[in-house]
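Trainee: I have the model open and would like to go through some local details. Could we take them one at a time?
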Amino acid sequence: MKALSSAPGATQSPYQLSLPREVLLSRTQLSFHRHVFTCQARFTGSGVAGGHITTISSTLLASEKEEAKAVLSLFLRKQGLRNAAASRITNKSDHFIDHLISRLHAVHKSRYLVGRELTTLEIRDALVPYLEALVEEYGDLFVDSVENFPDPPSKERTSQPPFESPPAELPSNNSSLSSKKLKAIARVSEGGSNGQLPAHIPYLLDLGMSLKQIKDMTRKFPAFAYYSLEGKVKPVVELFLELGVPKSDIPSILHKRPQLCGISLSENLKPTMKYLEKLGVDKNQWAKVIYRFPALLTYSRHKVQVSVDYLYESGLSSESIGKVLTRCPHIISYSVDDKLRPTAEYFRSMGVDVGVLLHRSPQTFGLSIEANLKPVTEFFLERGYTMVDVGTMVSRYGALYTFSLTENLIPKWDFFLTMDYPRSELVKFPQFFGYSLEERIKPRYRQVKECRVKLLLNQVLSVSDSEFERILKKKVEKLAHDNIDLDLTYSDGAEIAIAVEELHL
């Protein structure tokens with residue numbers, strides 16, 4: 001990982017909204033010789049050493065520890081660890097988590113002095129730059145140092161790269177992890193020591209959220225069990241309701257992204273929304289955007305801007321980018337280097353205008369090249385189409401690659417072979433694969449066959465029921481008229497032949 005730098009041109013971390021000056025790590029806090037972290041502020045249950053902070057409640061400390069663990073686990077995965085390895089290391093490193101909390105309290109001492117809770121983003125923005133600096137300083141010893149904090153790792157252990165997957169014989173689960181999750185789940189389902197549920201749980205149940213959903217949220221994000229109703233949960237819910245989100249959608253939104261409740265409205269959530277509106281997100285469509293992808297509001301501006309810059313680079317206008325972000329906010333979650341660029345190059349190799357495809361079907365860029373795109377391409381190539389044909393098809397219908405081979409493309413292809421159309425018709429109208437086989441394609445084609453008329457494939461499928469009936473009726477009438485004229489021609493010709501024969505006699 002590159003060293004952190006405040007020099008012009010330095011790359012900003014994708015984990016953070018900005019790099020607070022006070023969290024830049026002083027090199028004097030680390031020792032290469034001893035390979036051990038030094039900690040100026042010792043963690044205590046009553047605040048930050050050396051400060052005048054009032055007693056911090058055990059509930060708040062538990063919540064902060066869970067969020068710090070979430071930050072560390074995500075950070076380890078970003079370094080290349082698998083989920084199981086990241087979880088194992090995080091949950092066996094309680095001393096290091098305590099150290100992160102003490103650092104958090106030292107960085108945000110002024111916030112605690114006024115009794116203000118930190119938001120999820122504030123916690124992340126304080127800890128991630130610190131972790132990045134430790135990786136830069138310790139390199140391959142970073143994971144060992146986390147696991148053995150505050151004791152230095154033994155040199156023998158460095159022979160195995162720390163970012164490899166754990167040996168198969170090591171258990172992937174952790175009893176401490178299970179215990180803490182069970183405790184959090186018990187808190188939201190059975191109540192605390194007094195037998196009462198936290199205030200935000202009955203509130204969410206009244207909104208229509210099921211106890212199962214609440215337990216699922218807590219299992220995935222234990223810090224949610226310790227959120228306050230008035231300080232965290234209720235303000236977010238009320239904001240969403242003001243934006244037009246139906247009350248019935250709130251449970252689904254929070255279930256997808258419980259971290260939303262940990263974000264400050266005034267300092268993070270609303271400014272993020274204003275920023276996205278400047279990028280083109282339709283402010284009248286927030287209800288739909290939030291329901292489609294609630295995680296959008298938890299991304300840093302840096303992450304959003306990187307994705308938007310790539311959309312500009314691909315040829316999209318400001319207006320088009322706004323529409324894409326509104327219709328498919330998921331695109332912000334796609335890695336530019338790992339997902340968007342490789343996918344764009346794949347389609348360019350087929351002669352596809354990537355800018356047009358991004359505008360029409362941005363969700364296509366979230367698909368795996370190996371698992372989704374290549375199998376579909378091979379499917380059409382094996383059936384006699386050229387790469388140019390396939391490129392034309394996806395240019396005309398970008399969603400083509402989002403369909404399942406076994407459940408969509410193959411059954412519809414098999415039925416297409418029974419229809420009286422040349423294969424080139426699918427190049428002209430690849431939208432064929434977007435219609436229901438049983439409810440649209442088969443019934444309408446059956447009517448066409450019964451009427452003994454010919455219609456283009458798009459005339460059969462792309463029009464409304466009333467328009468389809470009108471086109472079909474017009475074709476039948478024309479066919480009947482043509483047949484009458486043909487019968488008259490045959491009749492007139494026979495009479496003339498008879499007259500000629502009689503004259504010869």
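Predicted model: local features only at pLDDT ≥ 70, side-chain atom pairs only at ≥ 80, totals over all residues.

Trainee: Is T272 buried or exposed?
Mentor: T272 has a relative accessible area of 6%. The cut-off for buried is under 20%, so T272 counts as buried.

Trainee: Which residues does T272 touch, not counting those up to four places away in sequence?
Mentor: T272 touches L297 and R301.

Trainee: Staying with α12, how do the axes of α10 and α12 cross?
Mentor: Helix α10 covers residues 229–242 and helix α12 covers residues 265–278. Their axes come within 12 Å and cross at roughly 25°. Angles under 35 degrees count as roughly parallel, so α10 and α12 are roughly parallel to each other. The crossing is right-handed.

Trainee: Which residues make that contact?
Mentor: On the α10 side they are P235, V236 and L239. From α12 come L265, L269, K270 and M273.

Trainee: What about α16 and α18, at what angle do they cross?
Mentor: The axes of α16 (residues 336–348) and α18 come within 12 Å, with a crossing of roughly 10°. These two helices are therefore roughly parallel to each other. In α16, P342, T343, Y346 and F347 meet I369, L373, K374 and T377 of α18.

Trainee: Changing topic: how many aromatic pairs are there?
Mentor: The count comes to 20 aromatic pairs. One of them joins F380 and F433, with 5.7 Å centre to centre and 80° between the planes. That arrangement is edge-to-face.

Trainee: Where in the chain do F380 and F433 sit?
Mentor: F380 is in helix α18 (residues 369–381), while F433 is in the loop between α21 (424–428) and α22 (437–451). The two are 53 residues apart, and the pair links distant parts of the chain.

Trainee: And are they buried or exposed?
Mentor: F380 counts as buried because its relative accessibility is 0%. F433 is also buried, with a relative accessible area of 0%.

Trainee: Last topic, charges over rings. Which ring does K256 lie over?
Mentor: K256 lies over the face of Y291, at 4.6 Å from the ring centre.

Key:
Residues numbered from 1 in each chain as written. Heavy atoms only, no water. Phe/Tyr/Trp six-rings, centres within 6.5 Å; stacked < 30°, edge-to-face > 60°. Helix = DSSP H or I, 4+ residues; strand = E, 2+ residues; numbered from the N terminus. Buried < 20%, exposed > 50% of the residue type's maximum accessible area, 1.4 Å probe, protein only. Lys NZ or Arg CZ within 6 Å of the ring centre and 35° of its normal. Axes fitted to C-alpha atoms, helices over the stretch in contact; angles between N-to-C directions. Parallel < 35°, antiparallel > 145°, perpendicular 65-115°, else oblique. Left-handed = near helix turned anticlockwise from the far one by under 90°. Contact = heavy atoms within 4.5 Å.
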